[in-house]
Amino acid sequence: MHFGMINSHSPVGKFLDLFHDWSLFVLIIISILVFSILYIFSFNSYFFNDCTESKILEVVWTIIPGLVLLLVVVPSFYGLYLLDLNSLIFPFSSIKVSGRQWYWSYGYSTSFLNNYFNNSQNLSYDSYQHNYSQTNIRSLDVDLPLILISKLVVRMLLSSNDVIHSFAVPQLGFKLDCVPGRLNSSFLVSSHIGKFFGQCSEICGANHSFMPISIECLPSNTSFN
């Protein structure tokens with residue numbers, strides 16, 4: 001049995017894991033404090049009849065919630081800026097992702113092709129769910145995965161040709177909607193080598209559950225002929 005969030009393999013995903021754990025820790029401390037006070041007053045017959053006002057008490061119970069709120073707000077703002085790093089850094093290359101009913105289409109920029117694909121002027125292909133076998137992961141493996149290079153910042157450009165889709169890969173901390181007539185962008189980087197899976201997380205029709213995402217991250221010295 002697995003408890004907690006799935007292991008992340010990107011800087012954004014690791015931060016989201018830490019922020020989740022930190023927020024849960026703050027919530028547990030607050031819950032213990034509140035329920036302890038309720039328990040004490042439930043079994044205590046003493047009432048503060050002579051205490052009609054206390055400026056110190058009012059200042060304390062105003063400042064403490066504000067400090068607790070800062071403990072959550074500050075890292076959350078950091079996470080928001082981290083998610084929007086595509087406006088602060090210059091990515092190595094771009095990859096166009098198009099959502100279709102019910103498969104994905106990928107297209108690579110020329111900078112990516114010139115460095116890793118020899119003798120290739122244009123590379124775009126469709127990715128369909130792979131037929132199930134003992135060597136494949138059921139409902140997650142595809143015939144042609146998206147190829148990325150580990151520790152290489154890539155700008156993802158997402159759109160849709162029909163209805164709204166959502167390109168989600170939890171292990172890389174990435175999720176972005178594909179909207180018809182609109183081009184959404186964000187950055188994607190993997191800190192590890194391996195194969196990562198995701199799915200369309202927006203209900204897009206009858207075969208919504210049959211358009212998985214498979215990303216294969218390779219070493220930086222990889223070259224394709």
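## Strand pairing and helix packing in a predicted model

In strand S10, Ile 215 is the bridge partner of Phe 196. The model is predicted.

| Strand pair | Sense | Bridges | A bridge in the pair |
|---|---|---|---|
| S2 and S3 | antiparallel | four | Gly 107 with Ser 124 |

**The open sheet.** Five strands form an open sheet in the order S3-S2-S1-S5-S8, and the pairing is mixed. S3 (124-127) and S8 (184-188) are the edge strands; each has a single partner strand, so one side of each lacks a neighbour in the sheet. On average, neighbouring strands of this sheet are turned by 25 degrees against each other, direction ignored. Gly 107 has Ser 124 of S3 as its bridge partner.

**The helix pair.** Helices H1 (residues 11-42) and H2 (residues 55-83) pack at an angle of about 165 degrees, and their axes lie 11 Å apart. That angle makes H1 roughly antiparallel to H2. Their crossing is left-handed. From H1, the contact is made by Pro 11, Val 12, Phe 15, Phe 19, Trp 22, Ser 23, Val 26 and Ile 30. From H2, the contributors are Val 68, Leu 71, Val 72, Pro 75, Ser 76, Tyr 78, Gly 79, Leu 82 and Leu 83. What classes of residue make up the contact of H1 with H2? It has 14 nonpolar residues, three polar and no charged ones.

**The whole chain.** How many helices and strands does the chain have? Its secondary structure comes to three helices and 10 strands. From the N terminus on, the elements run α-α-β-β-α-β-β-β-β-β-β-β-β. Of the 225 residues, 34% count as buried. Contacts in the chain between residues at least 6 apart in sequence were also sorted by separation: 63% of them join residues at least 24 apart.

Note on methods:
Residues numbered from 1 in each chain as written. Predicted model: local features only at pLDDT ≥ 70, side-chain atom pairs only at ≥ 80, totals over all residues. Heavy atoms only, no water. Axes fitted to C-alpha atoms, helices over the stretch in contact; angles between N-to-C directions. Helix = DSSP H or I, 4+ residues; strand = E, 2+ residues; numbered from the N terminus. Parallel < 35°, antiparallel > 145°, perpendicular 65-115°, else oblique. Left-handed = near helix turned anticlockwise from the far one by under 90°. Contact = heavy atoms within 4.5 Å. Nonpolar A, V, L, I, M, F, W, Y, C, P; charged D, E, K, R; others polar. Pairing = 2+ DSSP bridges. Buried < 20%, exposed > 50% of the residue type's maximum accessible area, 1.4 Å probe, protein only.
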